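Here are some notes I jotted down while going through this model. Have it open next to you as you read.

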Amino acid sequence: MTLPERFRDATFESYEPQMPSQAEAYRVARRFVVEQRRVPSWTERIKRLLGMEGDGRSRGLYLVGPAGTGKTHLLAATYNALTPEVPCAFLHSSTLFRQTEPPDAFANRLADEYALCCLDEVEIDDPANEMRLAGVMKALAARDVPLVATSNVEPEQYLATQLGDGRIQRFLRREVREQYRVVPVRGDDYRRTREVQQSGRGWIGPSAPTRRAMREAAAEASGPTRWWSFSDLRRATTETAHTDLVGDLTALDHLFVEDVSIENTDDAFRLLRVVDALYLHDKAPTLYFTAEQSPGEWFDPEQHAGIARAVAEKFDRTISRLHALCRIRTFERDTAARS
């Protein structure tokens with residue numbers, strides 16, 4: 001329930017809006033922090049207890065937009081600006097979806113300890129998980145615990161709005177917008193358009209030169225190292241529990257993955273979970289990979305429809321994070337033939 005190490009230094013002062021919507025999201029988030037810090041008057045408290053008008057505070061924020069526009073930075077900045085004065089929980093949506101207790105029980109346990117919940121990367125791929133999210137949101141609202149969430153999809157695009165029962169459909173389509181301020185955070189992916197500090201490497205192109213380049217990097221690496229084909233990595237995700245696999249990988253200093261290739265939604269999901277874990281873990285190994293195609297071509301949303309397209313759109317976050325983790329070099333085929 002605490003902030004990942006990667007975001008420990010995230011502040012409003014270090015956020016650099018590049019687009020008008022980012023500047024507006026920045027202003028909204030800062031105003032939200034001021035609201036949460038304000039101590040309500042006795043009159044406001046009594047009215048709230050009696051179910052009359054509220055104390056002027058927002059129920060929460062829903063920051064929505066593509067990968068790399070600074071949504072998580074604003075979420076982490078909100079957390080950092082409020083703690084420790086306002087006890088805040090910070091969790092990834094996967095943590096929420098792994099819970100085995102009923103949604104209202106989990107939400108009440110949060111409400112017993114925290115005055116605000118920060119939920120990063122609300123997912124879009126599983127109606128059952130979306131209904132769990134709806135249950136948690138409703139329970140937190142009943143306990144007057146604001147929620148600040150990030151997502152890459154509008155509430156109306158959840159699968160549960162099409163497949164769920166009437167109550168869930170109404171909640172996701174209408175009540176989210178009524179109870180939470182939906183804030184668009186648009187713009188280009190800063191990880192792909194600006195210089196970022198990357199410790200890993202990626203090589204794109206024919207297998208011979210890319211493999212040779214990665215072998216040279218592996219020969220220079222010191223400390224615990226592992227060389228896997230993408231098939232090895234995929235198999236590990238099927239045979240090893242996710243938390244155990246993350247523990248195994250974070251014991252390494254360097255991880256080399258050869259021939260990354262995404263054939264279907266299952267491949268995309270498995271790589272997504274590994275990259276997310278490495279991106280967020282403060283002891284993650286330095287990542288290296290080779291692939292014939294550039295990451296943006298691995299699972300292009302324009303080449304898919306329905307559920308696969310929704311997964312491909314979410315997979316774009318993985319591509320963004322790979323650009324944050326790895327400096328990527330492309331070998332042209334004619335250059336490779338001469339080398």
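Predicted model: local features only at pLDDT ≥ 70, side-chain atom pairs only at ≥ 80, totals over all residues.

1. Let's begin with the open sheet. Five strands make it up, and reading across they come in the order S7-S8-S9-S6-S10, with parallel pairing. S7 (225-229) and S10 (326-330) are the edge strands; each has a single partner strand, so one side of each has no neighbour in the sheet. From one strand to the next, the twist averages 10 degrees.

2. Within that sheet, have a look at S8 and S9. Strand S8 (residues 254-258) runs parallel to strand S9 (residues 286-291), and four bridges join the two. Which residue of S9 is the bridge partner of Phe-256? That would be Tyr-288.

3. Now the rings. By the pairing rule used here, the model has nine aromatic pairs. One of them is Tyr-79 with Phe-90, an edge-to-face arrangement with 5.9 Å centre to centre and 90 degrees between the planes. This pair ties together distant parts of the chain, since Tyr-79 belongs to helix H3 (residues 71-82) and Phe-90 to strand S2 (residues 88-92), eleven residues apart. Buried or exposed, these two? Tyr-79 has a relative accessible area of 8%, which makes it buried, and Phe-90 is buried too, at 5%.

4. Phe-256 and Tyr-288, the bridge partners from point 3, also form an aromatic pair, this one stacked: 4.2 Å centre to centre, with 10 degrees between the planes. Here too the pair links distant parts of the chain, with Phe-256 in strand S8 and Tyr-288 in strand S9, 32 residues apart. Both residues are buried. They also belong to one aromatic cluster, together with Trp-203 and Trp-227.

5. Two arginines are worth a click. Arg-215 has its charged end over the ring of Trp-227, 3.7 Å from the ring centre, and Trp-227 is a member of the cluster in point 5. Elsewhere on my list, the charged end of Arg-6 sits over the ring of Tyr-279, 3.9 Å from its centre.

6. Next, S3. Where does strand S3 (residues 116-122) stand in terms of burial? Seven of its seven residues are buried, so the strand is largely enclosed by the rest of the structure. S3 pairs with S2 in the parallel sense over five bridges, and His-92 stands opposite Asp-120 of S3. S3 is also joined to strand S4 (residues 147-151) by four bridges, again running parallel. In that pairing, Cys-118 has Val-148 in S4 as its bridge partner.

7. Last, helix H1 (residues 20-37). Its 18 residues reach 26 Å from the first C-alpha to the last, close to the 26 Å expected at 1.5 Å a residue. The buried residues of H1 include Ala-25, Val-28, Ala-29, Phe-32, Val-33 and Gln-36. What do the buried residues of H1 pack against? The partners are strand S1 (60-64), H3, S3, S4 and strand S5 (181-184), and S3 is the strand from point 7 with seven of seven residues buried.

Technical notes: Residues numbered from 1 in each chain as written. Heavy atoms only, no water. Pairing = 2+ DSSP bridges. Axes fitted to C-alpha atoms, helices over the stretch in contact; angles between N-to-C directions. Phe/Tyr/Trp six-rings, centres within 6.5 Å; stacked < 30°, edge-to-face > 60°. Buried < 20%, exposed > 50% of the residue type's maximum accessible area, 1.4 Å probe, protein only. Lys NZ or Arg CZ within 6 Å of the ring centre and 35° of its normal. Expected span 1.5 Å × (residues − 1). Contact = heavy atoms within 4.5 Å.
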